[in-house]
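The following note is intended for a colleague who is meeting this structure for the first time. Please read the points alongside the sequence and the model.

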Amino acid sequence: MRKTWTWLVMVSGVAMLFLGVWFLFHPAISLLTFTSFIGVLLMINGVFLIVNYIVNHTYTSAWVLIEGIVTTLIAVIILLNSQMTVLTLTAMFGIWVVFSGIVRIIAAFAVKKAELSSWVWILTFGIISTLFGFIMLSNPIIGMIGIVVAMGVFFIVQGINAISTFFFLRTIY
């Protein structure tokens, strides 16, 4: 069974590598497919945030609930109107990134009040997210290209990582 699992890591690595190259060389088709994928991911994320707030509301900020609701609403819009969404994906994604960045900035100060050192990282990523979102909103073409290139590079890196893991696992098993 371990040998089979090891080979599945290799197969997934090669698949991710090819998917990354596909994204880079076929950006228009990749963006169409990616739109639906983003809708599903945002739906899962939004529902998770809402459930997280309901389960942990005494420890979780109401901003998490608001982020969950906004994320779920954006997911519904994406999934119900995918053709229109391709055209507005960058704007909706940019709005979501700005909103999530602002939530991270607010959360960072709540974490700082709890005297946890991780607040600096949360603040940093919140500021970066907010700036990236504003760049996407100000120039949608750069935003679309950025989304496709980022996904392509991500899949290539993940593919190389999985292939490397395969060779490491072969030495163990």
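**Notes on the predicted model**

1. Of the 173 residues of the protein chain, 33% count as buried. The model discussed here is a predicted one. The chain exposes about 10800 Å², and 78% of that area is supplied by carbon and sulfur atoms.

2. As to secondary structure, the protein chain contains six helices and zero strands. Its pattern, read along the sequence, is α-α-α-α-α-α.

3. On overall dimensions, the C-alpha trace spans about 45 × 40 × 25 Å along its principal axes. Among contacts in the chain with a separation of 6 or more, 72% are accounted for by residues 24 or more positions apart.

4. Helix α5 (residues 119-138) and helix α6 (residues 140-172) have axes that come within 5 Å and cross at roughly 120°. The two helices are therefore oblique to one another, because an angle of 65 to 115 degrees would be needed to count as roughly perpendicular and one over 145 as roughly antiparallel. On the α5 side, the contact is made by M136, L137 and S138; on the α6 side, by P140, G143 and I147. These contact residues divide into four nonpolar, two polar and no charged.

5. S36 lies in helix α2, which covers residues 27-55. Is S36 buried, exposed or partly exposed? S36 has a relative accessible area of 37% and is therefore partly exposed, since buried means under 20% and exposed over 50%. S36 and L17 are 19 residues apart along the chain, and their C-alpha atoms are separated by 21 Å.

Definitions and conventions
Residues are numbered from 1 along each chain as its sequence is written. This is a predicted model: local features need pLDDT of at least 70, side-chain atom pairs count only at pLDDT 80 or more; totals for chains, interfaces and linings use all residues. Side-chain values use heavy atoms; hydrogens and water are left out. Helices (H or I, at least four residues) and strands (E, at least two) are DSSP runs, numbered from the N terminus. Buried means under 20% relative accessible area, exposed over 50%, partly exposed in between (1.4 Å probe, protein chains only). Axes are lines fitted to C-alpha atoms, for helices over the stretch in contact, and angles run from 0 to 180 degrees between N-to-C directions. Angles under 35 degrees count as roughly parallel, over 145 as roughly antiparallel, 65 to 115 as roughly perpendicular and the rest as oblique. Contact means heavy atoms within 4.5 Å. Ala, Val, Leu, Ile, Met, Phe, Trp, Tyr, Cys and Pro count as nonpolar, Asp, Glu, Lys and Arg as charged, and the others, Gly among them, as polar. Accessible areas come from the Shrake-Rupley method with a 1.4 Å probe; for residues, only the protein chains shown count as cover.
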